[in-house]
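Open the model in your viewer and keep the selection tool at hand. The tour goes stop by stop, with something to select at each.

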Amino acid sequence: MSQPTVDEVAEAMYDLVKVTHGKKNLKAMDLTKAMIEKFGEDAVDKKFCKLAIRQLIDSGRCIYSYFGGSFITLPPEEGSGG
Amino acid sequence: MSEKLRSTPLLDELEKGPWPSFVKEIKKSAETNTMAEGTLGQLERSYMDKISHWKHGGLVGVMGYGGGVIGRYSDLPEEFPEVAAFHTYRVNQPSGWFYTSDVLRTLCDIWERHGSGLTNMHGSTGDIIFLGSTTEALEPCFADLTANGFDLGGSGSDVRTPSCCVGPARCEWACYDTLDACNDITHSYQDELHRPAFPYKYKFKFAGCPNDCVASVARSDMSIIGTWKDDIQVDQAKVQEYAANGVDIEAEICRLCPTKCIKWDGKSLDIDNAECVKCMHCINVMPKALRPGKERGATILIGAKAPIIGGALLSAVFVPFLEMEPPYEDLKELAEAIWDFWGEYGKNRERVGEFIQRVGLGNFLDEIGLEPVPEMVAHPRSNPYIFFEEELEEDE
Ligand code: HEM
Ligand code: HEM
Ligand code: SF4
Ligand code: SF4
């Protein structure tokens, strides 16, 4: 697979958080491992995934949540009062 | 606020006696702050019900950060609407907790503007604690803090706010610059501090000497404790002065040395430094006569945790002696190697000390690229399963 951009990896992470939402909470390392599996370890590594997570969080698409440990989740829906 | 505060007969009991009282202080704030006033109400209710009415919340923080704010809500929001949301900030303290009075006023002013005005200086994590923020106030308060040179500390599965003893700023026993090391590590790992990516928390604590005034051996995943390699510096004339002033050197020093490596013949003190385990006892008793040696650095210990339920774990020696010169590259290399391995294989909520117990010290050392050394044996026969490559190869 060709070298993805940080944006593409962040987008793939976002998709994964969306499909697992409500079923399984993912940690930063879960996302990292999933991306290395998806894109291949020659294309992305832990450092690259760190940049993608930064981009994912700073864009506001995902937030950090604490459930006895820190996870990366979708933001609370508007009006849910979270 | 001119109307009378609500009635709190149970809390009032805690104002009696000559000692300081948190109730007294909350009442003072309650005269001008409705959140502090609500706190009194909910606390009184808790004392009646004998149960806490605070609950944890998961989803609060400031944009981009995964730590620094701890969500806290009332479970009686209708009854105590003033404290329906009552979040805690951890604000990164300055190294060694040094402030000017001007900075303290600035912090208090910020907090009175945005929250309950109640603080805890400092929390057991080391941070400045601001107690009681609404969700809406989080971002504006954070903006005020950063505009004044402050930042949030850690919480959740990240590098927690590093802390250190006052070190060379006030203490002649400091074997390295704890303040600088703490500040350097804090700045170097901003990403790890604000963006939780670990299985669980990771704490650095810096103590300038084995007295360990920040209790790093009990409270940090990575304890950096000052030590020395050469001989304890002895001023024999001062030792004699202590003796002349009534210190029983044989009883109070020699017999209390854990390795019995000190001899006193009534005139001069003779220390067998090869046997000294750097416990600080003799130095603490005769600070004018004895001081740590001149070749100074730190011992790096790994793996303490102080859990609420399970047994406490003290950190254990990993690197017997490290020179502590900026930019602390060896320390950083070790920390990053540990994060890489534990980060990938640690279970959720597994501290690095527990992780080492699970995977075995031998495997752990292998993965992070450290050679086993005798100093890693915490107690005789406690770590019998370190295997050396050569022996394994012979067996195969
Ligand atoms: C002059 C004769 C002997 C000497 C100098 C000697 C010395 C030692 C030493 C230094 C240890 C290690 C202790 C430790 O790990 O802390 C040991 C352990 C041991 N020895 Fe001997 N030994 C002698 C005779 C024997 C004999 C005759 C037997 C059995 C019939 C024996 C059985 C053992 C066993 C089972 C251990 C392991 C004990 C443990 O791990 O708790 N030894 N010995
Ligand atoms: C079915 C027979 C046996 C069983 C199931 C058995 C089991 C065990 C076990 C579980 C240990 C503890 C190992 C550890 O510390 O982790 C042990 C230690 C030991 N056994 Fe046995 N054992 C048996 C027979 C024997 C016999 C026949 C002898 C001596 C003639 C013996 C001598 C020892 C000694 C000296 C130790 C201590 C070793 C050390 O501390 O290094 N055992 N055994
Ligand atoms: S740990 Fe040692 S150097 Fe630091 S303040 Fe305490 S006695 Fe001084
Ligand atoms: S520091 Fe402790 S072990 Fe070392 S000589 Fe003094 S009392 Fe003994």
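What follows is a walk through a predicted model.

**Stop 1: colour by confidence**

Start with chain A. Its mean pLDDT is 90, and 93% of its residues reach 70 or more. Select helix H1 (residues 6-20) of chain A: confidence is highest there, at 96. Confidence is lowest in S1(A), at a mean of 91. Now pick residues 78-82 of chain A, where the pLDDT is below 50. Beyond near neighbours in sequence, that stretch has four contacts in the model.

**Stop 2: chain B as a whole**

Show chain B as a cartoon. Expect 15 helices and 14 strands. Its C-alpha trace spans about 75 × 65 × 40 Å along the principal axes. Of the 396 residues in chain B, 48% are buried. Consider contacts in chain B with a separation of 6 or more: 64% of them join residues 24 or more positions apart.

**Stop 3: the interface**

Select the contact between the chains. Chain A gives 22 residues and chain B gives 25. Together chain A and chain B bury about 1900 Å², with 48% of that on carbon and sulfur atoms. On the chain A side, highlight A:Lys46, A:Tyr64 and A:Tyr66. These lose the most area to chain B, together 29% of what that side buries.

Eleven residue pairs are in polar contact across the interface of chain A and chain B, both residues being at pLDDT 80 or more. Which elements of chain A each supply at least two residues of the side that touches chain B? They are helix H2 (28-39), helix H3 (46-58), strand S1 (63-66) and strand S2 (70-73). The largest share, five residues, comes from H3(A). By class, this side of chain A has eight nonpolar, eight polar and six charged residues.

**Stop 4: salt bridges between the chains**

Five salt bridges are counted between chain A and chain B. Show A:Lys46 with B:Glu344: their side chains meet in a salt bridge at 2.8 Å, N to O.

Move to A:Lys50 and B:Glu192, another salt bridge, with the closest N and O atoms 2.7 Å apart. The pair crosses between chains, from helix H7 (residues 190-194) of chain B to helix H3 of chain A. Is B:Glu192 buried or exposed? B:Glu192 counts as buried because its relative accessibility is 13%, under the 20% cut-off. A:Lys50 is partly exposed, at 38%.

Then select A:Arg54, A:Asp58, B:Asp191 and B:Arg195 together. A network of salt bridges links them.

**Stop 5: A:Met29**

Find A:Met29 in helix H2 of chain A. A:Met29 counts as buried, at 15% relative accessibility. Leaving aside neighbours within four places in sequence, A:Met29 is in contact with A:Lys46, B:Gly343 and B:Glu344.

**Stop 6: salt bridges within a chain**

The structure holds 24 salt bridges over all chains. Compare two of them. In chain A, A:Asp15 pairs with A:Lys18, the closest N and O atoms being 3.9 Å apart. The two are three residues apart in helix H1 of chain A, so about one helical turn separates them. A:Asp15 is partly exposed at 37%, and A:Lys18 is partly exposed at 41%.

In chain B, select B:Arg6 and B:Glu37, whose side chains meet at 2.9 Å, N to O. This pair links distant parts of the chain, 31 residues apart. B:Arg6 lies in the segment before helix H1 (9-13) of chain B, and B:Glu37 in helix H3 (residues 34-49) of chain B. B:Arg6 is partly exposed, at 28%, whereas B:Glu37 is buried, at 11%.

How values were computed:
Residues numbered from 1 in each chain as written. Chains lettered and ligands numbered in written order. Heavy atoms only, no water. Contact = heavy atoms within 4.5 Å. Buried area = accessible area lost by both parts, 1.4 Å probe. Salt bridge = Lys/Arg side-chain N within 4 Å of Asp/Glu carboxyl O. Polar contact = N/O pair within 3.5 Å; in protein donor to acceptor, adjacent residues only side chain to side chain. Helix = DSSP H or I, 4+ residues; strand = E, 2+ residues; numbered from the N terminus. Nonpolar A, V, L, I, M, F, W, Y, C, P; charged D, E, K, R; others polar. pLDDT = per-residue confidence, 0-100. Buried < 20%, exposed > 50% of the residue type's maximum accessible area, 1.4 Å probe, protein only.
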